Amino acid sequence: MRLPLIERYRAHLPVSPGTPVVSLLEGSTPLIPLKGPEEARRKGVRLYAKFEGLNPTGSFKDRGMTLAVSKAVEAGARAVAAASTGNTAASAAAYAARAGIRAVVVLPAGYVALGKVAQSLVHGARIVQIEGSFDQALSLTKALTEAYPVALVNSLNPYRLEGQKTLAFEVVDELGDAPHYHALPVGNAGNITAHWMGYKEYFALGKARRLPRMLGFQAAGAAPLVLGRPVEKPETLATAIRIGNPASWEGAVRAKEESGGLIGAVTDGEILAAYCYLAEEEGVFCEPASAAALAGVWRLLKEGRLEPESQVVLTLTGHGLKDPATAEKAAGLLPPVPAVLEAVAEAAGLL
Ligand SMILES: *Cc1c(COP(=O)(O)O)cnc(C)c1O
């Protein structure tokens, strides 16, 4: 039976018997062995996709949100607030609905994928769109939660990272040890910080014999951690990682340095190629930001920079259904044909 994430890993989380568990049965997502790509097969490198799109609201944000909302309710909060590129909003809205409290989400207008806005709407969140970037939305939300009785559930809330670290636990529990490499997209950098926390905790407890090298990937137009300075106007079609000044900057740098890993940048073209490959060749539909993890690993494979015979886990952070517009643009849709057999056969490519 599937357990609430807080129950599955209770011994490793900052909860007490008195904490009200607000759960939608998040976590315990599949670790899917990939067939390729060809460059990996040739070197005996085994890739696994931790498909976080199969969480209750379709992204890894649910792992942190179950804990953040449970702790907020424990502390007596009647409302939560978050700035978001979309998935944090969808998750906060759903968990607040579950808890019977209010959610306020602050979004950069025009830069949130349609599915995420729809989720926030149906779950009854109060949506505030600002004429500005995610980074501005975050500082406004922080100010809002300091001035009004509303709990902040962005990844600045330490309970978010505590919940998200369980992804590393699940990988080790399933593989029997940590992989050699763990790759993921990096936006606000909370998740890479949380992954590394989780791996270190399991290692210290003797549950893993090694630590992975952490491979973080940003979009080339929004790569402050690669450039070493904030980016004023971040741009990428991967809107979930369209962030110019990551809140967990230091955590990301520490994860990279302590693990002997790297933080690199991938172009939108590389992201789309990886997105299409995963959908067309592997049958896994993730959102564009998630594909940045494979785009980066693919580049390292081509450059011969990954150890042969190693294991690589990719966190596929969100579901492809979140962003139907990108799917339609990437794959193209044929115009309608007359409703007659020959026309249908021709359009089907069978003639
Ligand atoms: C939030 C998010 C990210 C970025 O995670 P950070 O913790 O902000 O680095 C990547 N992909 C998706 C789909 C997300 O929702």
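Reader: Which residues lie nearest the centre of the largest cavity?

Author: In this predicted model, Phe60, Lys61, Gly187, Asn188 and Ala240 lie nearest the centre, out of 26 residues that line the largest cavity.

Reader: What makes this space a cavity and not a pocket?

Author: A cavity is a set of grid points where a 1.4 Å probe fits but cannot get out, whereas a pocket is an open set. With a cut-off of 30 Å³ or more, the count comes to one cavity. About 290 Å³ of space lies in the largest cavity.

Reader: Where does the ligand sit?

Author: The ligand sits in the largest cavity. That wording requires more than half of its atoms to lie within 2 Å of the grid points of the cavity.

Reader: Why is the ligand said to lie between domain 1 and domain 2?

Author: Both domain 1 (5-59 + 158-329) and domain 2 (60-152) give residues to the shell around the ligand, so the ligand lies between them.

Reader: Which residues around the ligand come nearest, and what classes does the shell hold?

Author: Lys61, Asn87, Gly187, Asn188 and Thr317 come nearest among the 16 residues around the ligand. The shell has seven nonpolar, seven polar and two charged residues.

Definitions and conventions:
Residues numbered from 1 in each chain as written. Predicted model: local features only at pLDDT ≥ 70, side-chain atom pairs only at ≥ 80, totals over all residues. Heavy atoms only, no water. Near = heavy atom within 4 Å. 1 Å grid on protein atoms, 1.4 Å probe; cavity = no way out; pocket = protein on both sides within 12 Å on 5 of 7 lines; lining within 4 Å. Nonpolar A, V, L, I, M, F, W, Y, C, P; charged D, E, K, R; others polar. Domains from an automatic or database assignment. Points joined across faces, edges and corners; volume = space filled by probe spheres on them.
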